[in-house]
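Trainee: Could we go through this model together, one topic at a time? I will ask and you answer.

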Amino acid sequence: MLELPRELPPDPAHPMSKASFAAAVLLPFVLWADGGAVWGADPSSPDPVQRGEYVFIAAGCHGCHTDEKNGGAPLAGGRAMKTPFGTFHTPNITPDPQHGIGRWSDADFVQALRHGREPDGEALFPAFPYTSYTKMSERDLLDLRAYLMTRPPVAAPNRPHDLTPPFGWRFLLPVWQWLHLEEGTLADDPAKPAEWNRGRYLVEALGHCGECHSPRGLMGGMDHDRALAGNPNGPDGDKVPGLRPGVKGAGELSVGEIETVLELGMQPDGDFVGGAMGEVVRNTTSKLTPADRHAIAVYLKSLPPVH
Amino acid sequence: MDHRILNALMAAAVSAGLSTAFTPAQAASPVEQVAAREQAMKRMGSGVQAVGKYLKGEGGSPADARSAAAAITEVSSLNPKQVFAEGTGIGVAKSDAKPELWQNFGKVQEIWAQLKPAAAKLDAAGSSGNKQQIAQAMQEVGKVCSSCHENYRRTPPTQ
């Protein structure tokens, strides 16, 4: 009787066994098909696309630019975002040349995220959180674009916003930007540990946590004195808790407890976060590296307490 | 006490308590129904809370995963139509259940049905004693909980 060998004999001409070759080729697809699993995203990769994927995850682009509830294609936009200023419909950011950002150059992309302007110079509405993204490093911006350009293009036209005057008057936006947009990269504070600086960058720039967790003034600008102190009027009318020490609930968590919320969505009492934060955990924080979740927690605990 | 005995006792206690709370014959008032739902959620919550502590290295053991799985299995055996009875939304006692929950009840039932298999995985992970496997199973349990909370629960004011 022919007995099958337990292991494939090593082939000197092909040092990689068939099994490991199959694993190397198939595994990424298996993980990809699994849905939630991340493959490729790597903050320490020299490859701009892999690094860019991690930036994409940390910046939470997918959630707003995908109309998940109505079965929209990834990044094709169309998600309605209700705000006190009216309803925004997020745009298509796939590489489609006509409806997406396929024709944008590196410089166009940087201009949009850093300066809040379209390639033709027209101001963008700050529902797009460029007041946070302006703080991103040049490398992160370019790697993010590199990753976005690898996504499947979708020929879905953008829907116009449905805003209440005077918020829908685009010609007023440069004034708004002059008042509320502080352009420029977030420089590391040399007096603080690298971990703290990384946490601050993740919270203030990529994660744009303040966009929901900080209160806004009458014209929709973030109230910087009360940054991350909570927002009584968050997205979809939900109350958004403060994250600074001294805030009841979220502000009382330890570093370890914050990490668990970010990783699993689980709070200290065993309850799981829902609403917009549930989505943030699903799309972003659960996919970050443990070191990055730790850095976020360390930074949040270092913020000035709210009394 | 042997953990298996403890688990069995806990499961019995949970099912006795919860099934009483959700017996339709009692015609509980909406306020009582909200309280019973909260109790059921807390039952699952305190189970996974212990697992969270174990995963963070703050005590506990893999047996906690089995106890949490037992609590989730018990609660998930309840009929979602009773757990989320009509007329127990926001405005009734401390309810945070959004009207969308009843507008999309088919989807809610689908999510509810995912609890049991997720608990089975958590139980298996607890039996294996493998921390990595428990963490992975917890992630799956979390996904089920969050997917319902994400769309159908108002963010509680203290969260």
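Trainee: In what order do the 3 strands of the open sheet in chain A run?
Mentor: This is a predicted model. Its 3 strands in chain A pair in the antiparallel sense. S1 and S3 (162-163) of chain A are the edge strands, each pairing on one side only. The sheet is open, and the order is S1-S2-S3.

Trainee: Over how many bridges do S1(A) and S2(A) pair?
Mentor: S1(A) and S2(A) form a hairpin, with 2 residues between them. One bridge joins Thr83(A) to Gly86(A) in S2(A). The pairing of S1(A) with S2 (residues 86-89) is antiparallel, and the number of bridges is 4.

Trainee: Which residue in S3(A) is the bridge partner of Gly86(A)?
Mentor: S2(A) and S3(A) pair in the antiparallel sense over 2 bridges. Gly86(A) is also the bridge partner of Thr83(A). In S3(A), the partner of Gly86(A) is Leu163(A).

Trainee: How many helices does chain A have?
Mentor: Chain A has 3 strands, and these form the open sheet in the order S1-S2-S3. The helices of chain A include H10 (255-264) and H11 (275-283). The number of helices in chain A is 12.

Trainee: What separates the centres of domain 1 and domain 2 of chain A?
Mentor: The domain assignment of chain A gives domain 1 as 41-185 and domain 2 as 187-307. Taken over C-alpha atoms, the centres of domain 1 and domain 2 of chain A are separated by 21 Å.

Trainee: How many residues of domain 2 of chain A are in contact with domain 1 of chain A?
Mentor: Domain 1 of chain A brings 25 residues to these contacts. Elements that each supply at least two residues of that side are H2 (48-58), H3 (61-65), S1 (80-83), H5 (130-133) and H7 (173-180) of chain A. That side divides into 15 nonpolar, 8 polar and 2 charged residues. From domain 2 of chain A, the number of residues in contact is 23.

Trainee: Why does Leu75(A) count as buried?
Mentor: Leu75(A) is found in the loop between H3 and S1 of chain A. Its phi is near 65°, a positive value in a residue other than glycine. A residue is buried if 20 or more other C-beta atoms lie within 10 Å of its own. Leu75(A) counts as buried because its C-beta neighbours inside 10 Å number 26.

Trainee: In which loop does Leu228(A) lie?
Mentor: Leu228(A) has a positive phi of about 60° although it is not a glycine. Leu228(A) is buried, because 26 other C-beta atoms are within 10 Å. The loop in which Leu228(A) lies is the one between H9 (210-213) and H10 of chain A.

Trainee: Which element gives the largest share of the side of chain A that touches chain B?
Mentor: In the contacts between the chains, 22 residues of chain A meet 20 residues of chain B. H10 and H11 of chain A are the elements that give two or more residues to this side of chain A. The residues of that side divide into 7 nonpolar, 8 polar and 7 charged. The largest share is 5 residues, and the element is H11(A).

Trainee: How many helices are there in chain B?
Mentor: Chain B has 0 strands. From the N terminus on, its elements run α-α-α-α-α-α-α-α. The number of helices in chain B is 8.

Trainee: Is Lys131(B) buried or partly exposed?
Mentor: Lys131(B) lies in helix H8 (residues 131-152) of chain B. A residue needs 20 or more other C-beta atoms within 10 Å to be buried, and 12 or fewer to be exposed. Lys131(B) has 14 C-beta neighbours inside 10 Å, so it counts as partly exposed.

Trainee: What distance separates the C-alpha atoms of Lys131(B) and Ser61(B)?
Mentor: Lys131(B) belongs to H8 of chain B. Along the chain, Lys131(B) and Ser61(B) are 70 residues apart. Their C-alpha atoms are separated by 9.3 Å.

Trainee: Among contacts in chain B between residues at least 6 apart in sequence, what percentage join residues at least 24 apart?
Mentor: Chain B has 159 residues, and buried residues make up 42% of them. In chain A, 57% of contacts between residues at least 6 apart join residues at least 24 apart. For chain B, the value is 70%.

Definitions and conventions. Residues numbered from 1 in each chain as written. Chains lettered and ligands numbered in written order. Predicted model: local features only at pLDDT ≥ 70, side-chain atom pairs only at ≥ 80, totals over all residues. Contact = placed C-beta atoms within 7 Å. Nonpolar A, V, L, I, M, F, W, Y, C, P; charged D, E, K, R; others polar. Domains from an automatic or database assignment. Pairing = 2+ DSSP bridges.
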